[in-house]
Structure formats: structure tokens, C-alpha cells
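Open the structure in a viewer and keep the sequence beside it. The stops below say what to select next and what is there.

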Amino acid sequence: MGYLPTSYTAAMARGGNANTQPLTAMVQVLLEELRPYYSQEQLKSESFGYTALSLVALSSLQCTISTQQLSMALQTTDTVERLEWILEWMQEHSNGLQEIAESRKQELLDCGERTDDL
């Protein structure tokens with residue numbers, strides 16, 4: 001273990017919470033799986049840790065993005081670009097969920113249901 005870049009692990013230690021811990025754990029698992037295929041120097045590089053983070057984040061979106069988006073993200077070699085796309089897709093997904101919740105809330109209000117618990 002211990003292959004996440006120092007700045008990444010420090011950031012997680014400072015701001016990591018229940019929402020980021022599963023992601024961090026998944027990145028660690030990926031790095032362990034890749035360990036036999038990369039040099040120790042490469043594994044310990046900060047850029048490699050962020051590449052692994054972007055791939056784990058991308059895998060969490062597989063059910064919400066198109067195959068074209070997934071293909072595009074996997075083909076790019078620019079980790080920053082991949083992370084920017086992932087952020088955009090996550091925000092779009094969140095907005096879509098919010099719209100669905102608001103729509104259902106309105107439907108319940110129209111039926112006379114209480115919605116103060118939504």
C-alpha cells in the first residue's frame with residue numbers, strides 16, 4: 001500500500017470524509033492491481049495517483065454516461081482533461097437527479113401529499 005501521492009493523501013487526510021473514503025480505497029485497490037505492471041518510481045509519482053483517481057471516478061459513472069463519453073475518456077492521455085469531463089458529467093447527473101426529485105415532489109403536492117420530508 002502507500003502508493004497514493006503525498007499531496008493526494010495529505011488532502012484526503014485534511015478534507016477526506018465518509019464521501020471520499022470509498023473512492024480513496026478504490027484508488028488504492030487499483031494501484032495495488034497495477035503494481036506488477038509499473039515501476040515503483042512510476043507508481044509513486046503524483047501524476048500516476050491522479051490518473052488512477054480519474055479512472056476510478058470514471059468507473060463510477062459507467063452507468064450514467066454514454067459509451068461514446070466513456071470511450072473518449074478512456075482514450076485521452078490527459079488526466080486533467082479526463083477529470084474535468086468527469087466533473088462535468090457528475091454535475092449533469094446530479095442536476096438530472098435534482099430535476100427528477102423536484103418533479104416527483106410537485107406530483108405529490110398536486111395529489112395533496114405532504115412533501116416536507118423530501
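Predicted model: local features only at pLDDT ≥ 70, side-chain atom pairs only at ≥ 80, totals over all residues.

**First stop: Glu81**

Select Glu81, which is partly exposed, with a relative accessible area of 29%. Here buried means under 20% relative accessible area, exposed means over 50%, and partly exposed lies in between, with a 1.4 Å probe and protein chains only. Glu81 has its place in helix α6.

Residues are numbered from 1 along each chain as its sequence is written, and side-chain values use heavy atoms, with hydrogens and water left out.

**The whole chain**

Now show the protein as a cartoon. It has six helices and zero strands, in the order α-α-α-α-α-α along the sequence. Helices (H or I, at least four residues) and strands (E, at least two) are DSSP runs, numbered from the N terminus. Of the 118 residues in the protein, 23% are buried.

Among contacts in the protein with a separation of 6 or more, 59% are between residues 24 or more positions apart. Contact means heavy atoms within 4.5 Å.

**Helices α2 and α4**

Select residues 21-34 (helix α2) and residues 46-60 (helix α4): their axes come within 9 Å and cross at roughly 115°. Axes are lines fitted to C-alpha atoms, for helices over the stretch in contact, and angles run from 0 to 180 degrees between N-to-C directions. The α2 side of the contact includes Leu23, Met26 and Val27, and the α4 side includes Phe48, Gly49 and Ala52. The contact residues divide into 12 nonpolar, two polar and no charged. In this count Ala, Val, Leu, Ile, Met, Phe, Trp, Tyr, Cys and Pro are nonpolar, Asp, Glu, Lys and Arg are charged, and the others, Gly among them, are polar.

Stay on Gly49, found in helix α4. Is Gly49 buried or exposed? Gly49 is buried, with a relative accessible area of 1%. Its C-alpha atom is separated by 7.8 Å from that of Leu31, 18 residues apart along the chain.

**The largest nonpolar core**

Next select Ala57, Leu58, Leu61, Ile65, Ala73, Trp85, Ile86 and Trp89, the eight residues of the largest nonpolar core. A nonpolar core is a set of buried Ala, Val, Leu, Ile, Met, Phe, Trp, Tyr and Cys residues joined through side-chain atoms within 4.5 Å. The elements giving two or more residues to this core are α4 and α6 (79-110), and α6 gives the most, with three. Another core, of seven residues, lies apart from it, and includes Val27, Leu43, Leu53 and Val56.

Zoom in on Leu61, in the loop between α4 and α5 (67-75). Leu61 is buried, with a relative accessible area of 4%. Not counting residues up to four places away in sequence, Leu61 touches Ile86, Trp89 and Met90. The C-alpha atoms of Leu61 and His93, 32 residues apart along the chain, are separated by 9.1 Å.

Finish at Trp85, which touches Met72, Ala73 and Thr76, not counting residues up to four places away in sequence.
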